[in-house]
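Please keep the sequence and the model at hand while reading.

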Amino acid sequence: MWNAYYTYEDVSALRAELSDAPDRADLDQAVSRAAQYDNEAALALLLDAGADLRAESLPVERRQCAIVGQSLAFVRVAFAHGVTPATCPNGENAIWEAVKWGKEDDAASAELVVLLRAAGWSAAATGDEQTPVQIATAKGWPATAAALTAP
């Protein structure tokens, strides 16, 4: 069976496994693994090989948008391959997640918010009682707060 475990350690192993023509379920598993390890190089290889972020081999209730909670570099790769809100299931809270759980600094977070908003994600979606602006303000991220409220 095709083994997506290598997407977090060794992109050359992933490249070799992709030559074995994985099926949709294998690709979906590998995209999930690439997201788990925020591995943009693995994501690029997978998307180039025909993967997408729809996770259609999974039951609807288990589908997740692979860019949610990922780094700016990971999101850039996804967007370069045409990912949109329509092709990324259950990603409505992508901006809230990026601000709430963001691993990056204010400048990178602001850039990520700008990219997500430009691609069609809403800055109004929340995952709890705090809005993304409130979270950015509490973190001391003025550039992110400004990106969230810009017209």
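The structure is a predicted model, in which local features need pLDDT of at least 70, side-chain atom pairs count only at pLDDT 80 or more, and totals for chains, interfaces and linings use all residues. Residues are numbered from 1 along each chain as its sequence is written, and side-chain values use heavy atoms, with hydrogens and water left out. Helices, numbered from the N terminus, are DSSP runs of H or I with at least four residues, and strands are runs of E with at least two.

**The nonpolar core**

- A nonpolar core is a set of buried Ala, Val, Leu, Ile, Met, Phe, Trp, Tyr and Cys residues joined through side-chain atoms within 4.5 Å. Buried means under 20% relative accessible area, exposed means over 50%, and partly exposed lies in between (1.4 Å probe, protein chains only).
- The largest nonpolar core has 44 residues, and the members that touch the most others are L43, L46, L53, I67, L116 and W121. At least two residues of this core come from each of α1 (11–18), α2 (24–36), α3 (40–48), α4 (72–80), α5 (94–101), α6 (106–119), α7 (132–139) and α8 (142–149).
- In soluble globular proteins, nonpolar side chains tend to be buried together.
- Beyond its neighbours within four places in sequence, L116 is in contact (heavy atoms within 4.5 Å) with I67, V75, F79, A94, I95, A98 and W121.

**The disulfide**

- A disulfide is counted where a pair of cysteine sulfur atoms lies within 2.5 Å, and by this rule there is one.
- The partners are C65 and C88, whose sulfur atoms are 1.9 Å apart. C65 lies in the loop between α3 and α4 and C88 in the loop between α4 and α5, so the pair ties together parts that are 23 residues apart in sequence.
- The torsion about the S-S bond of C65 and C88 is about 90 degrees, and the disulfide is therefore right-handed. Both C65 and C88 are buried.

**Helix α2**

- Helix α2 has 13 residues and reaches 18 Å from its first C-alpha to its last, close to the 18 Å expected at 1.5 Å a residue. The expected span is 1.5 Å times one less than the number of residues.
- D23 caps the N-terminal end of α2, with a side-chain oxygen 3.2 Å from the backbone nitrogen of A25. This is a polar contact, a pair of N or O atoms within 3.5 Å; within protein, one must be able to donate a hydrogen and the other to accept it, and residues adjacent in sequence count only if both atoms are side-chain atoms.
- The buried residues of α2 include D26, L27, D28 and R33. The buried residues of this helix pack against α1, α3 and α4.

**Helix α3 and its start**

- N39 is in the loop between α2 and α3 and is buried, with a relative accessible area of 12%.
- At the start of α3, a side-chain oxygen of N39 reaches to within 3.2 Å of the backbone nitrogen of A41. A polar atom of the N39 side chain also lies 2.9 Å from the backbone nitrogen of A42.
- Within α3, A42, L43, A44, L45, L46 and L47 are buried, and the buried residues of α3 pack against α1, α2 and α4.

**Residues with positive phi**

- Most residues other than glycine have a negative phi.
- D38, which follows α2, has a positive phi near 50 degrees, and D38 lies in the loop between α2 and α3.
- A55 has a positive phi near 55 degrees. A55 is in the loop between α3 and α4 and is buried, at a relative accessible area of 10%.
- G50 follows α3 and has a positive phi near 110 degrees.

- Rings of Phe, Tyr and Trp (its six-membered ring) pair if their centres lie within 6.5 Å; planes under 30 degrees apart count as stacked, over 60 as edge-to-face and the rest as tilted.
- The structure holds one aromatic pair. F79 and W121 form this stacked pair, at 5.7 Å centre to centre and 20 degrees between the planes.
- The pair links distant parts of the chain, with F79 in helix α4 and W121 in the loop between α6 and α7, 42 residues apart. W121 is buried, at 6% relative accessibility.
- A80, also in helix α4, is exposed, with a relative accessible area of 65%.
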